[in-house]
Amino acid sequence: METPTFANRKKQQADNDRNNNNNERAQDSRTPRVGQSRVAILGDSMLKQINARRIQQGMKHKIVVKPFPVDESDDEINILSQSRLPKNRNQSEPPRHTIRSNEDKRHNYSAPRKQQADNDRNNNNNERAQDSRRSPRVGQSRVAILGDSMLKQINARRIQQGMKHKIVVKTFPGAGIKEMNHYVKPTLLTAPNKLILHVGTNDLQRMTPDELLTHVQKLGESITRENGNIELVLSEIITRNDDKTLADKVNEYNKGLAQLCIERNWCLIRHNNIDVNHLNNYGLHLNKQGTSVLAKNIKQFLNRN
């Protein structure tokens with residue numbers, strides 16, 4: 001029999017998955033119906049539990065929710081904040097705002113909020129792994145992993161254990177290939193050595209595999225043109241079990257992606273060891289076992305390269 005604590009954790013994970021799936025269904029049709037106005041809600045991690053589908057019930061609005069969890073140590077924020085500093089400001093002056101460490105945040109959780117802390121553990125670990133990214137250690141290469149919600153449970157700190165890589169993971173739930181054209185730009189400012197791009201899951205409902213491959217090629221060429229020294233790595237789309245037609249399109253796309261990587265001399269991470277048994281009950285996102293296999297695939301690629 002499951003202990004109450006374990007049962008609560010499973011229920012919380014199911015609730016989180018349900019919110020994410022509902023948000024993606026609510027955002028699925030990019031063209032609002034006649035008479036509908038479109039409302040975009042953007043913000044930080046305070047919005048991550050907001051359910052767009054519930055908000056728009058009974059309303060003449062098409063709701064899109066985009067949470068962007070970012071820690072204050074991010075290179076993008078450091079670059080932007082440094083550019084805004086007055087030139088005559090005393091460099092020894094202490095920061096105006098003191099940011100509590102993750103350790104302090106964790107100790108301030110009261111008992112009723114401990115469950116939420118457990119659910120956010122991966123996010124906190126990613127923040128720690130990214131905390132000293134301004135200057136990678138000697139011999140370390142910087143690896144940025146960007147993608148949609150399929151990466152949401154990836155733990156950067158675990159991947160980089162025992163490796164000579166500094167791992168940064170950026171997830172953009174609901175993002176498609178067109179949105180990724182914008183999301184990738186702040187990361188390129190940090191000049192990573194490798195950029196792993198996992199995108200396309202949210203595009204196949206409204207694009208053919210060939211159309212998606214054309215957009216991916218344009219994005220890849222834009223990235224390599226922006227940073228000629230970057231090693232671009234494309235990640236296969238993971239199989240789906242929510243729609244047979246989409247599952248067939250995933251297979252067709254992945255075949256074309258392999259050919260594209262050969263032609264453009266880009267690297268490829270395969271996920272043919274992930275099947276429907278690694279998906280959650282909705283047949284779209286990964287379960288815990290599937291996330292482990294995905295992280296293993298990424299780590300094995302980095303170890304070989």
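Two strands pair if DSSP finds at least two bridges between them.

1. **What you are looking at.** This is a predicted model, in which local features need pLDDT of at least 70 and side-chain atom pairs count only at pLDDT 80 or more, while totals for chains, interfaces and linings use all residues. Residues are numbered from 1 along each chain as its sequence is written, and side-chain values use heavy atoms, with hydrogens and water left out.

2. **Strands S3 and S4.** Helices (H or I, at least four residues) and strands (E, at least two) are DSSP runs, numbered from the N terminus. Strand S3 (residues 141-147) pairs with S4 in the parallel sense, over seven bridges. Along this pairing, Val143 stands opposite Ile167 in S4, and Leu146 has Lys170 of S4 as its bridge partner.

3. **The whole sheet.** S3 and S4 belong to an open sheet of five strands, ordered S4-S3-S5-S6-S7 with parallel pairing. S4 and S7 are the edge strands, each pairing on one side only. On average, neighbouring strands of this sheet are turned by 20° against each other, direction ignored; axes here are lines fitted to C-alpha atoms, for helices over the stretch in contact, and angles run from 0 to 180 degrees between N-to-C directions.

4. **Helices against the sheet.** Helix H11 (residues 288-304) packs on the sheet and touches S3, S4, S5, strand S6 (231-235) and S7, where contact means heavy atoms within 4.5 Å. The direction of H11 makes about 145° with that of S7. H8 lies across S3, S4 and S5, and runs at about 160° to S3.

5. Buried means under 20% relative accessible area, exposed over 50%, and partly exposed in between (1.4 Å probe, protein chains only).

6. **Two loop residues to check.** Most residues other than glycine have a negative phi. Ala191, in the loop between helix H8 (177-188) and strand S5 (194-198), has a positive phi of about 50°. Ala191 is partly exposed, with a relative accessible area of 46%. Asn265 also has a positive phi, of about 60°, and is found in the loop between H10 and strand S7 (267-269). Asn265 counts as exposed at 70% relative accessibility.

7. **Asn254 in H10.** Helix H10 (residues 244-264) holds Asn254, which counts as buried at 10% relative accessibility. Leaving aside neighbours within four places in sequence, Asn254 is in contact with Glu236 and Ile237.
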